Amino acid sequence: MAKFDKITERMRFWLRRKRDYDAVFKEPGGDYTAAGVAVLRDIGQFCGAYKSTAKVSPVQREVDVNAMLIAEGRRQVYLHIQRRLRLSDDQILNMMEEAHD
């Protein structure tokens with residue numbers, strides 16, 4: 001396969017992936033659906049997207065590296081979704097504020 005063909009196929013892949021994410025979270029006009037916002041907010045809270053991933057063991061009073069790595073993995077899932085949807089800073093800020101209410 002020629003280099004151009006590989007690039008073209010990769011572009012098609014990412015365009016399809018973007019359409020898939022948009023179909024799940026957005027209306028055809030590009031606005032987020034109420035359900036999409038609710039799900040993103042829920043995933044953000046579950047993944048700890050709006051807080052530090054540092055975890056301190058309540059018993060040993062030291063950083064719990066395993067818990068921190070798990071929290072960072074969850075956070076990465078949310079960031080992956082966010083990148084695919086290309087949320088604006090204002091939308092992210094609003095979701096962060098609503099998640100803390």
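Mentor: Helices are DSSP runs of H or I with at least four residues, strands are E runs of at least two, and the numbering starts at the N terminus. With that in hand, Val39 is found in helix H2.

Trainee: What kind of model is this?

Mentor: It is a predicted model, where local features need pLDDT of at least 70 and side-chain atom pairs count only at pLDDT 80 or more, while totals for chains, interfaces and linings use all residues. Residues are numbered from 1 along each chain as its sequence is written, and side-chain values use heavy atoms, with hydrogens and water left out.

Trainee: Back to Val39. How accessible is Val39?

Mentor: Val39 is at 40% relative accessibility, so it counts as partly exposed. The scale is: buried under 20% relative accessible area, exposed over 50%, partly exposed in between, with a 1.4 Å probe and protein chains only.

Trainee: Zooming out. How many helices and strands are in the chain?

Mentor: Four helices and zero strands. The pattern along the sequence reads α-α-α-α.

Trainee: What share of the chain counts as buried?

Mentor: 25% of the 101 residues. The accessible surface of the chain is about 7,500 Å², and carbon and sulfur atoms hold 56% of that. Those areas come from the Shrake-Rupley method with a 1.4 Å probe; for residues, only the protein chains shown count as cover.

Trainee: What about contacts between residues 24 or more positions apart?

Mentor: They account for 55% of the chain's contacts with a separation of 6 or more. Contact means heavy atoms within 4.5 Å.

Trainee: Helix packing next. At what angle do H2 and H3 pack?

Mentor: About 150°, with the axes 8 Å apart. The axes are lines fitted to C-alpha atoms, for helices over the stretch in contact, and angles run from 0 to 180 degrees between N-to-C directions.

Trainee: Which residues make the H2 and H3 contact?

Mentor: From H2, Leu40, Ile43, Gly44, Phe46 and Cys47. From H3, Ala71, Arg74, Arg75, Val77, Tyr78, Ile81 and Leu85.

Trainee: Now the loop between H2 and H3. Is Ser57 buried or exposed there?

Mentor: Ser57 does lie in that loop. It counts as buried, at 12% relative accessibility. Leaving out residues up to four places away in sequence, Ser57 touches Glu62 and Asp64.

Trainee: What is the phi of Arg61?

Mentor: Near 60°, a positive value in a residue other than glycine. Most residues other than glycine have a negative phi. Arg61 is in the loop between H2 and H3, and it is exposed, with a relative accessible area of 67%.

Trainee: Which residues make the nonpolar surface patch?

Mentor: Val56, Val63, Val65 and Leu69, covering about 380 Å². Patch members have over 30% relative accessible area and no salt bridge; like charges are joined within 9 Å, nonpolar side chains (Val, Leu, Ile, Met, Phe, Trp, Tyr) within 5 Å. Val56 lies in the loop between helix H2 (34-47) and helix H3 (65-85). Val56 is exposed at 55% relative accessible area.

Trainee: Last topic. How many salt bridges does a search of the whole structure find?

Mentor: Four. The test is a side-chain nitrogen of Lys or Arg within 4 Å of a carboxyl oxygen of Asp or Glu.

Trainee: Where do Arg17 and Asp20 lie?

Mentor: Both are in helix H1 (residues 3-25), three residues apart, about one turn of the helix. Arg17 is partly exposed at 29%, and Asp20 is partly exposed at 41%.

Trainee: What does Glu72 pair with?

Mentor: Arg75, with the closest N and O atoms 3.1 Å apart. Both lie in helix H3, three residues apart. Elsewhere, salt bridges with shared partners join Lys18, Asp22 and Lys26 into one network. In the Lys18 and Asp22 bridge, the closest N and O atoms are 2.9 Å apart.
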